[in-house]
Amino acid sequence: MPVPKRKNSRQRRDKRFANKGLTVQSITECLNCKEALMPHSACKACGFYKGKKVLVSKEDRSIKRDENKKQQEAKMAKAAPADAPVPADVDAEKK
Ligand SMILES: [Zn+2]
């Protein structure tokens with residue numbers, strides 16, 4: 001009966017089991033933008049999960065900010081029309 005010439009080292013033995021814990025990561029695609037993503041997670045590209053918007057993206061915030069800015073400007077324009085005379089310096093009024 002063949003017998004191993006010498007004992008396997010711990011390193012040699014343990015290398016056999018080194019890849020035992022590895023699993024292939026499953027990947028799905030976003031229903032909204034077809035971006036690849038992990039299952040049961042919200043899409044980081046468009047912020048959708050199961051067809052609903054759940055995350056606010058940087059782009060969304062920027063759009064919202066622009067809208068707010070425009071509203072604010074419209075409000076200011078209404079309060080003080082552009083063709084109204086600009087009040088002079090406070091120092092000039094005193095003299
Ligand atoms: Zn997406």
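1. Helix α2 has 22 residues and extends 31 Å from its first C-alpha to its last, which is close to the 32 Å expected at 1.5 Å a residue. The number of buried residues among the 22 of α2 is zero, so this helix lies largely in the open. The model is a predicted one, and the remarks that follow should be read with that in mind.

2. On confidence, the mean pLDDT of the protein is 87, and 85% of its residues reach 70 or more. The lowest confidence falls in helix α3 (residues 90-94), where the mean is 57, while the highest, at 96, belongs to helix α1 (residues 10-15).

3. As to the overall arrangement, the protein has three helices and four strands, and these follow one another along the sequence in the pattern α-β-β-β-β-α-α. Of the 95 residues of the protein, 6% count as buried. Where contacts link residues at least 6 apart in sequence, 0% of them join residues at least 24 apart.

4. The zinc ion takes its protein donors from C30 (SG), C33 (SG), C43 (SG) and C46 (SG), which lie 2.2 to 2.3 Å from the metal. The angles subtended by the four donor atoms around the zinc ion run from 107 to 114°, and the arrangement is therefore tetrahedral, given that four donors count as such if all angles lie between 85 and 135 degrees.

5. Along the sequence, the donor residues of the zinc ion follow the spacing C-x2-C-x9-C-x2-C. C30 sits in the loop between β1 (28-29) and β2 (36-37), whereas C43 sits in the loop between β2 and β3 (48-49), so the pair ties together parts that are 13 residues apart in sequence.

6. Which of the two classes, buried or exposed, applies to C30? With a relative accessible area of 5%, C30 is buried, because the limit for that class is under 20%. C43 likewise counts as buried, its relative accessibility being 1%.

7. The side chain of S57 is joined to that of D60 by a polar contact of 3.1 Å.

Methods
Residues numbered from 1 in each chain as written. Predicted model: local features only at pLDDT ≥ 70, side-chain atom pairs only at ≥ 80, totals over all residues. Heavy atoms only, no water. Polar contact = N/O pair within 3.5 Å; in protein donor to acceptor, adjacent residues only side chain to side chain. Donors = N, O, S within 2.8 Å, 3.2 Å for Na, K, Ca; no water. Tetrahedral: all angles 85-135°; square planar, octahedral: opposite > 155°, others 65-115°. Helix = DSSP H or I, 4+ residues; strand = E, 2+ residues; numbered from the N terminus. Buried < 20%, exposed > 50% of the residue type's maximum accessible area, 1.4 Å probe, protein only. Expected span 1.5 Å × (residues − 1). pLDDT = per-residue confidence, 0-100. Contact = heavy atoms within 4.5 Å.
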